[in-house]
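Trainee: I would like to go through this model with you, starting from its overall fold.

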Amino acid sequence: MERTLILIKPDGVARGLVGQILARIESKGYAIDALSLRSATAEELSAHYAEHEGKPFYQPLVDFMSEGSVVSIIASGQGVIPGFRSLAGATDPTAAAPGTIRGDLGRDWGEKVQKNLVHGSDSVESAEREIGIWFPAE
Ligand code: IDP
């Protein structure tokens, strides 16, 4: 069964949206196979965002991701990788379509602030790599 790595970022945890976001994942029919709430380590964040290192938003993104607790989730189901990205909506919450997590619940976006509530892996390779970062036992 296809699986993906989902993160509920610190803005989602701080705003009390964990339940709503989990409900959308479960209502779509995806299974939650693992779930953890804790602060991300510097090592996890630099590994997770390695592809963005050197970009202007990299350091603000890592700082924001270190601001509070993160929920990491392994979800599975048919087509869950593109399916969750479609539930999440466009990266910029001000442009994300209504009906998506970012479109309905996200607000804050700026040059240096990247508060878009969730992350979802974008390919099978990324999913397996990211699951290895957040759930090393998997
Ligand atoms: P995604 O989360 O929609 O897959 P990515 O391009 O993988 O988007 O970017 C990872 C994260 O980096 C985004 O979710 C967002 O928080 C931040 N980000 C991406 N592009 C920008 C940008 O142009 N400005 C500020 N933050 C950005």
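Mentor: The protein chain has seven helices and four strands, taken as DSSP runs numbered from the N terminus (helices H or I, at least four residues; strands E, at least two). This is a predicted model, in which local features need pLDDT of at least 70, side-chain atom pairs count only at pLDDT 80 or more, and totals for chains, interfaces and linings use all residues. Residues are numbered from 1 along each chain as its sequence is written.

Trainee: In what order do the elements of the protein chain run from the N terminus on?

Mentor: The C-alpha trace spans about 35 × 35 × 25 Å along its principal axes. From the N terminus, the order of elements is β-α-α-β-α-α-β-α-α-β-α.

Trainee: Which residues surround the ligand?

Mentor: A residue counts as near a molecule if its C-beta atom, placed from the backbone, lies within 6 Å of it. The residues around the ligand are Phe 57, Leu 61, Thr 91, Gln 114, Asn 116, His 119 and Asp 122.

Trainee: Is Asn 116 buried or exposed?

Mentor: Asn 116 sits in the loop between H6 and strand E4 (118-120). A residue is buried if 20 or more other C-beta atoms, placed from the backbone, lie within 10 Å of its own, exposed if 12 or fewer, and partly exposed in between. Asn 116 has 24 other C-beta atoms within 10 Å, so the class is buried.

Trainee: How does Thr 91 count, with 14 C-beta neighbours inside 10 Å?

Mentor: Thr 91 is placed in the loop between helix H5 (80-88) and helix H6 (101-105). Because Thr 91 has 14 C-beta neighbours inside 10 Å, the class is partly exposed.
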